[in-house]
Amino acid sequence: MSVQCTYDFDVVVVGAGHAGVEAAFAAARIGAKTALLTMNCDTVAQMSCNPAIGGVAKGQIVREIDALGGEMGRVIDATGIHFRMLNGSKGAAMHSPRAQADKKAYQFEMKNRIEQQENLTLCQEMVESIETERGRVSGIRVAGQALYRARAVILTTGTFLKAIMHTGEQKAEGGRAGDKAAHGMSGSLLALGFELRRFKTGTPARLNGRTIDFTRCEPQPGDEDPEPFSFLTDRISQPQIHCYLTSTTPEIHEIIRANLHRAPMYSGQIQSTGPRYCPSIEDKVVRFAEKQTHQIFLEPEGRNTQEVYCNGISTSLPRDVQDAIIHRIPGCENAQIMRYGYAVEYDFAPPTQLHPTLETRLVEGLYFAGQINGTTGYEEAAGQGLIAGINAALKLQGRAAFVPDRSQSYLGVLVDDLVTRGVDEPYRMFTSRAEYRLLLRQDNADRRLTPIGIELGTVCQERAARFRVYEAELERAFTAMTKLRSRGATLEEWMRRAPAWEELESAFPQLLEMNLSPQTKRQMQIEAQYAGYVRRQEAEIARLQKVDSIRIPETFDFRSVSQLRIEARDKLSRQRPSTVGQAGRVSGITPADIAVLMFYLKPSGS
């Protein structure tokens, strides 16, 4: 007779991808005894697609994760091979850091940090079901007659739920090449009453760099003085590796058009929706038929491998068509394909089933983070994992939840978009999604969020001490900006004209005595240039927050408000927004609906 093994934890995190590791770190650092379960301990934080961190808006998310004490920024600083600040010629609000990673080094570095983290246990398990008692999560059952009991469970299942990979007409089970699909969890979620849908993602071929003629491609060097992601990284000292730019050709486009009937997305083999902003090459050729070429970035996957990632030609076309495409790319005529591109279909749970804490509405103590919520991208996943891990641990300690505001962070925009608007395609963050992006710059993430991280307990003592020194220096600097004068103008007024720092020191000799750090000097210049815009946005935030902060009682009966449209009653009843501001952001809710709602809420004193 078999004996059931039982293990007791405060928090169990299912899945050790980018969401899972940040969730586990956060919960453990706040003091929860945490287990991180993964199908394979050798794939912790694996980069299934592009081995890069950051990018437009995504780089801001990584800086925010770092400011709150997360690991992603520190690990990419330690293992990056190519750093660039995107949109460097534009204003500071558009600057977005991005780095190419040594894929294996990143993975091993993150795994090592997981293994060293106090309160955290990494275990290789195949999870089969969620255990509940009286509507509350009680643990996770795994293969082999074992039970992990826990008061909070965070699901970060990525693309593995009932996953199917497609390459042309060929199909195989799996959420990533070489890894199995997870079947039991989908059935467990359905049994608990959750709605599941299907999304699709894809990845391109990888080539042997030794067989690429890079002389036919345009070199893409990294920045000469790369800027770190993490506040704790003083400088990037490791040598960088070039990426290269090439492109498709009209001949390649004709080959794709002639084989669309064999492409799973067009043959009907795949019915689910893929990411609009990261389309496959077959999608690009169809949707942008007027374009003769599309860019392809050839990006090395590491220092100790010749494998090269072909960014820009994600595809699920058959192998023979991929052969024909690759061998017509300038520079790749003789390239050896090491791995073929493929698409993955997988289950996700529409995120309107979540509270803003990322706890599910149906099961208390159960949290979802990452691609299970319909997002795409390592950075979006890691940000959700961090928030879910924080809130799971806080709830167990009886502390107030952490729900970042839209005016406070890109993380706030991300979570609010997911839980109030839902998704009808894989969600990707853009700067345009953040209405207060002038305030949410990558350069001020620490000032916005590190004090919160200190209070939560996710920020280490070293970071807290360094941050306090930085804040004290900034306070001296900002005081000087308004008080120091030269030729009738304040230092701030001089800075708005964007002179070189040497010119400022000549006009204001006191600056030399202050011995300011480069980071503080940059903050002074950015704040001076954005001062007017910032003041206007802060006034707008204050005005809108008066409405946004009006609470909606948990027992409020939306269906009883006859003046609301039937559609509004139905949507608000399903999604249960907790504030008037959230209600206004629910898809399909109009200003007229909000006016009616506020009329009914005011007499109650809410």
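**Entry 1: charges over rings.** I started with the criterion: a charge sits over a ring if NZ of Lys or CZ of Arg is within 6 Å of the ring centre and within 35 degrees of the ring normal. I kept in mind that this is a predicted model. With that rule, I looked at Tyr427 and found Arg433 over its face, 4.2 Å from the ring centre. Then I checked Trp494, which has Arg497 over its face at 5.3 Å from the ring centre.

**Entry 2: ring pairs.** How many aromatic pairs does a search of the whole structure find? I got eleven. I picked Tyr7 and Tyr148 to look at in detail. Their ring centres are 4.9 Å apart and the planes are at 35 degrees, so I put the pair down as tilted. Tyr7 belongs to strand S1 (residues 5–8) and Tyr148 to strand S10 (residues 146–149), so this pair ties together parts 141 residues apart in sequence.

Buried or exposed, what about Tyr148? I noted Tyr148 as buried, at 3% relative accessible area.

Next I turned to Phe214 and Tyr244. This is a tilted aromatic pair too, with 4.5 Å from centre to centre and 35 degrees between the planes. I traced Phe214 to the loop between strand S15 (206–208) and strand S16 (218–220), and Tyr244 to strand S17 (residues 243–247), so the pair ties together parts 30 residues apart in sequence. Phe214 is partly exposed at 25% relative accessible area. Tyr244 has 19% relative accessibility, and because buried means under 20%, I wrote Tyr244 down as buried.

**Entry 3: the sheet around Tyr244.** Which residue stands opposite Tyr244 in S17? I found Pro219 there. S16 and S17 pair in the antiparallel sense over three bridges. I then followed the whole sheet: six strands, open, in the order S16-S17-S18-S19-S15-S20, with antiparallel pairing. Its edges are S16 and strand S20 (337–339), each of which pairs on one side only. From one strand to the next I read an average twist of 35 degrees.

**Entry 4: nonpolar cores.** The largest nonpolar core has 114 residues, and I noted Val12, Tyr106, Ile140, Leu155 and Leu189 as the ones touching the most other members. Which helix gives the largest share of this core? I found helix H10 (residues 378–396), with eleven residues.

I took Ile140 for a closer look. Leaving out residues up to four places away in sequence, I listed what Ile140 touches: among them are Val12, Val14, Leu37, Val127 and Met185. Tyr148, from my ring-pair entry, is one of the contacts of Ile140 as well.

**Entry 5: Ser573.** Last, I looked up one serine. Where is Ser573 placed? I found Ser573 in helix H18 (residues 566–575). Its relative accessibility is 17%, and I wrote Ser573 down as buried. Not counting residues up to four places away in sequence, Ser573 touches Phe558 and Arg559.

Terms used
Residues are numbered from 1 along each chain as its sequence is written. This is a predicted model: local features need pLDDT of at least 70, side-chain atom pairs count only at pLDDT 80 or more; totals for chains, interfaces and linings use all residues. Side-chain values use heavy atoms; hydrogens and water are left out. Rings of Phe, Tyr and Trp (its six-membered ring) pair if their centres lie within 6.5 Å; planes under 30 degrees apart count as stacked, over 60 as edge-to-face and the rest as tilted. Helices (H or I, at least four residues) and strands (E, at least two) are DSSP runs, numbered from the N terminus. Buried means under 20% relative accessible area, exposed over 50%, partly exposed in between (1.4 Å probe, protein chains only). Two strands pair if DSSP finds at least two bridges between them. Axes are lines fitted to C-alpha atoms, for helices over the stretch in contact, and angles run from 0 to 180 degrees between N-to-C directions. A nonpolar core is a set of buried Ala, Val, Leu, Ile, Met, Phe, Trp, Tyr and Cys residues joined through side-chain atoms within 4.5 Å. Contact means heavy atoms within 4.5 Å.
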